[in-house]
Amino acid sequence: MSAMMASMMGASPGTSSSSSSSSPPSIASTPSIPSQPSSLPVRKIPGSYGWPLLGPISDRLDYFWFQGPETFFKKRIEKNKSTVFRTNVPPTFPFFVGVNPNVIAVLDVKSFSHLFDMEIVEKANVLVGDWMPSTKYTGDMRVCAYLDTSEAKHTQLKKFSMDILKRSSAIWVKTMVSKLDTMWATIESDISKSGSSNIIPPLQQFLFNFLTICITGADPSTSPEISKAGFALIDTWLGLQLLPTVKVGILQPLEEIFLHSFQYPFWLVQGGYNKLVKFIEEEGTEVIQRGEKEFNLTAKETVHNLLFMLGFNAFGGFSLFFLALVNALGDDQNPGIQEKLRNEVREKIGTDSSKLSFEAIKELELVQSFAYETLRLNPPVPLQYARARKDFKLTSYDSVYEIKKGELLCGYQPLVMKDSKVFDNPENFEPGRFTEEKGQELLNYLFWSNGPQTGSPSESNKQCAAKDYVTLTASLFLADMFQRYDSITISSGSITAVKNAN
């Protein structure tokens, strides 16, 4: 599944403008986003679902084959002259029986923000749209990601997740740096032997070992098999669940026939998943007992939610995010950015890894901005969904639309985050976009975590429990890199050279 991971990150992180990459853009014209404007006209939602069967199949072929996801949505914005419209998204017929592909697309920041107002939308079973992967992949239960905030179990599991992160903060940085030592040693060895190192295997090995310790309390080093192959087991488990919804980029029509037409059965990964379950049960006893005693969860609920949190939320998200970070560092359109990041790290923290901490990272304005800008253009989860909890009026910049209870809303984040009414030069990767006061204001409009960057995760919303850990960990990754090296050279997804710090 590493090939699928690489293909998902195939899109360029964007190009930088000719202005200095350390200077934030002007946001003098950035609009506020009130929940209910008073004077906008009510407009019928444009667009169409097409003929039954034929419309969804046609849209599916456009989405995966003829256009690709971003062009798919762009062309429909142009056709409907609106960022809010009706369309279909995969998966669809013929073998996804009972799945309704009809959605209302919301593709500007203002309309998109409705997806996170839990008073008007609900999130039960819509993580990847109207279709939900079989619960066999998650221990025959709906894990927290598939629960709505109105469900009592969601409150228990969200509190449990936030407690895990709070407790892990004591070992997070130390564990991360220790596992990075191994990752970079592997990369340097690969470069010495063959002249380059494919970043994906050592990166995922590092992420799996580091995150497993911090989230589950289980140390993969106690099991040679899990330590060596755990990340590959999670890759395969993740990949088979998501294949019907992801453009992989292999030869068509083979991709449509074999990857997007049906869900792969769980038994293909059952052996590997059960190995992970057994490992957590045996080595993560402290966390499991805490789930049972302090949060009234069963051992089974605790284990399968821990695995989903580790594999889907943490490992899967960080794999995509960190690959995007590395690719952005090597982008020819970001000249001099490594030097600027290196200078900031060494001026503010120095080269002693023992000085790395969450508090120290908060002083690295450009490093954090670089991480935010990477998330803006490369959100690990590109599609967000929500179902109308009741009838309500949805607002965009120029119109109001009537949404009926039960209708499914869909936002494509990579396009929403290029909203020209919010971001100057939105197609460009500008490393310093989120620096200084104006850049901090822009964080109100940076969506990637089931909510804005300035939001706060709680049991009453669906915002990522680790929202702040993600951005700080990405910044730690960059700071550690530039403590070790003056520069790294990246080519086609591989690191071909590293220059050790003087």
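Predicted model: local features only at pLDDT ≥ 70, side-chain atom pairs only at ≥ 80, totals over all residues.

Reply: Residues are numbered from 1 along each chain as its sequence is written, and side-chain values use heavy atoms, with hydrogens and water left out.

The part to examine is strand E5, residues 383–388; strands (E, at least two residues) and helices (H or I, at least four) are DSSP runs, numbered from the N terminus. Of the 6 residues in E5, 6 are buried, so the strand is largely enclosed by the rest of the structure. Here buried means under 20% relative accessible area, exposed means over 50%, and partly exposed lies in between, with a 1.4 Å probe and protein chains only.

E5 has strand E3 (residues 121–122) as an antiparallel partner over 2 bridges, where two strands pair if DSSP finds at least two bridges between them. In that pairing, Val121 stands opposite Ala388 of E5. E5 is also joined to strand E8 (residues 408–412) by 5 bridges, and these two strands run antiparallel; Gln384 stands opposite Gly411 of E8.

Is Arg376 buried or exposed? With a relative accessible area of 0%, Arg376 is buried. Its side chain reaches the backbone oxygen of Pro426 at 2.9 Å, a polar contact being a pair of N or O atoms within 3.5 Å in which, within protein, one must be able to donate a hydrogen and the other to accept it, and residues adjacent in sequence count only if both atoms are side-chain atoms. Leaving aside residues up to four places away in sequence, Arg376 touches Met417, Lys418, Phe423, Asn425, Pro426, Asn428, Arg433, Phe434 and Leu446, contact meaning heavy atoms within 4.5 Å.

Glu294 lies in helix H10 (residues 285–295) and, at 45% relative accessibility, counts as partly exposed. The side chains of Glu294 and Arg167 are joined by a polar contact of 3.4 Å. From C-alpha to C-alpha, Glu294 and Thr149 are 20 Å apart in space, and they are 145 residues apart in sequence.

Finally, Leu251 is found in the loop between helix H7 (224–242) and helix H8 (254–258), and its relative accessibility of 62% makes it count as exposed.
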